[in-house]
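Dear colleague,

I am handing over the structure below, followed by notes on what was found in it. Please read the notes with the coordinates open beside them.

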Amino acid sequence: MSKTKDITKFSAEQLQEFLTSFDVVFCDIDGVLWQQLSKPIEGASESLMTLQNMGKKIYLITNNTTAIADNYYKSVEHIRLNLSSDHIIDTMKIMVWYLKKIGFRDEAHAIVSNRARKMLTEAGIRLTEQPKVSELDTTLTAKQVIDRPSVKAVIVDFDVHSNWSMMALAISCLARKDVLYITGITDDGYPFSTKPPIKILGPGPLINVITSQSGRQPIPCGKPSQNLKDYILEECNVTNLQRCLFIGDTIKQDMKFASMCGCIKLFVETGCDTLEEAQKEDDSCPDYYLPSLGQLFSAIIIHNVSVAPTTKLIIEALIEN
């Protein structure tokens with residue numbers, strides 16, 4: 001029998017018990033609030049706003065540091081949440097935080113998106129020039145991808161422009177044990193809501209090439225990672241992770257990170273993985289399940305279930321607006 005509880009089947013008492021079991025909400029974006037950061041998932045942001053109006057502290061945690069993330073941050077749904085930048089956490093923010101924490105002031109070779117390069121530069125991280133190679137001049141090409149002594153860190157995240165020369169230079173530099181190796185998002189693939197759904201290559205397999213060829217294990221900064229957990233404890237004023245709800249759609253990233261932190265796990269099935277897959281391992285098995293975050297309060301809205309007066313007033317006001 002599954003340990004996961006389906007919130008859509010809750011009684012009034014069970015729903016009220018769930019809502020009072022946490023004070024902080026950590027929520028993924030891709031596959032939870034938006035589909036591929038291009039269109040909103042119906043009712044998802046409204047559910048998050050309801051929790052916010054009930055006094056829950058909301059944080060968005062995403063592994064996405066590409067320019068397309070700005071689509072969500074400029075959306076009406078996000079603006080209505082009225083979250084400060086401190087309440088939006090992505091892998092590049094964790095990387096910058098980690099580098100500042102260890103006092104890194106040297107040069108880095110970064111295989112990251114243009115948006116992420118800008119974030120690193122603005123944080124004072126010096127980035128090495130990307131290799132310029134030629135198919136016709138093998139000598140020039142070799143010189144471009146051999147070790148650069150000035151590089152003291154290799155930073156790898158999602159970069160649609162990633163290529164052989166960037167990876168070759170990263171592997172060359174990592175031959176020196178004093179060079180830091182830092183990674184962000186490591187997803188194997190990304191889902192596209194076509195019919196039938198398809199999954200395309202993610203950065204994970206490319207990062208695995210650098211890892212295997214260099215013989216180095218990276219310092220992870222995305223979900224799941226100890227650095228992200230440390231950031232939350234140090235920067236988010238969270239004192240009890242067991243009173244935190246983590247909402248996500250992925251097994252390897254969201255559910256496993258929530259387990260690492262001891263958070264309450266809520267899995268939604270609007271993104272990458274399925275509930276059946278999530279229940280296969282103890283460290284990814286959700287505590288709660290929803291087909292979509294937009295259905296969080298469906299027991300109240302659809303069945304007119306009674307809950308605490310304050311909760312009911314908040315929800316009714318939101319529905320009317």
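Predicted model: local features only at pLDDT ≥ 70, side-chain atom pairs only at ≥ 80, totals over all residues.

Residues are numbered from 1 along each chain as its sequence is written, and side-chain values use heavy atoms, with hydrogens and water left out.

Asn 63 lies in the loop between β5 (57-62) and α3 (69-73), where helices (H or I, at least four residues) and strands (E, at least two) are DSSP runs numbered from the N terminus. Its side chain reaches the backbone nitrogen of Lys 223 at 3.0 Å, which is listed as a polar contact, that is, a pair of N or O atoms within 3.5 Å; within protein, one must be able to donate a hydrogen and the other to accept it, and residues adjacent in sequence count only if both atoms are side-chain atoms. With neighbours within four places in sequence left aside, Asn 63 is in contact (heavy atoms within 4.5 Å) with Thr 91, Ile 185, Asp 187, Gly 222, Lys 223 and Gln 253.

The side chains of Asp 28 and Lys 223 are joined by a polar contact of 3.0 Å. Asp 28 counts as buried because its relative accessibility is 5%. Beyond its neighbours within four places in sequence, the contacts of Asp 28 include Ile 61, Thr 62, Lys 223, Ile 247 and Asp 249.

**The loop from β13 to α10**

Which peptide bond is cis, with omega near -5°? The bond in question runs from Lys 223 to Pro 224, and Pro 224 is found in the loop between β13 (219-220) and α10.

Ser 225 has its place in the loop between β13 and α10 and, with a relative accessible area of 2%, is buried. A polar atom of the Ser 225 side chain lies 2.7 Å from the backbone oxygen of Gly 222, and a polar atom of that side chain lies 3.1 Å from the backbone nitrogen of Leu 228. Not counting residues up to four places away in sequence, Ser 225 touches Pro 220, Phe 257 and Met 260; the C-alpha atoms of Ser 225 and Phe 257, which are 32 residues apart along the chain, are separated by 7.0 Å.

**Helices**

Helix α10 (residues 226-235) packs against helix α5 (residues 91-101) at an angle of about 80°, with the axes 10 Å apart; axes are lines fitted to C-alpha atoms, for helices over the stretch in contact, and angles run from 0 to 180 degrees between N-to-C directions. The two helices, α5 and α10, are therefore roughly perpendicular to each other, the class for angles of 65 to 115 degrees, whereas under 35 counts as roughly parallel, over 145 as roughly antiparallel and the rest as oblique. Among the residues that meet are Ile 94, Trp 97 and Tyr 98 in α5 and Leu 228, Tyr 231 and Glu 234 in α10.

Helix α2 (residues 44-53) is largely enclosed by the rest of the structure, because seven of its ten residues are buried. The buried residues are Ala 44, Ser 45, Ser 47, Leu 48, Met 49, Thr 50 and Leu 51. After α2 comes Gly 55, whose phi is positive, near 100°.

**Positive phi at two asparagines**

Asn 82, in the loop between α4 (76-81) and β6 (88-90), has a positive phi of about 55° although it is not a glycine, and at 67% relative accessibility it counts as exposed. Asn 237, in the loop between α10 and β14 (244-248), likewise has a positive phi of about 55° without being a glycine, and with a relative accessible area of 62% Asn 237 is exposed.

**The chain as a whole**

The protein has 14 helices and 16 strands, and 52% of its 321 residues count as buried. Of the contacts with a separation of 6 or more, 66% are between residues 24 or more positions apart.

With best regards

Technical notes: Buried < 20%, exposed > 50% of the residue type's maximum accessible area, 1.4 Å probe, protein only.
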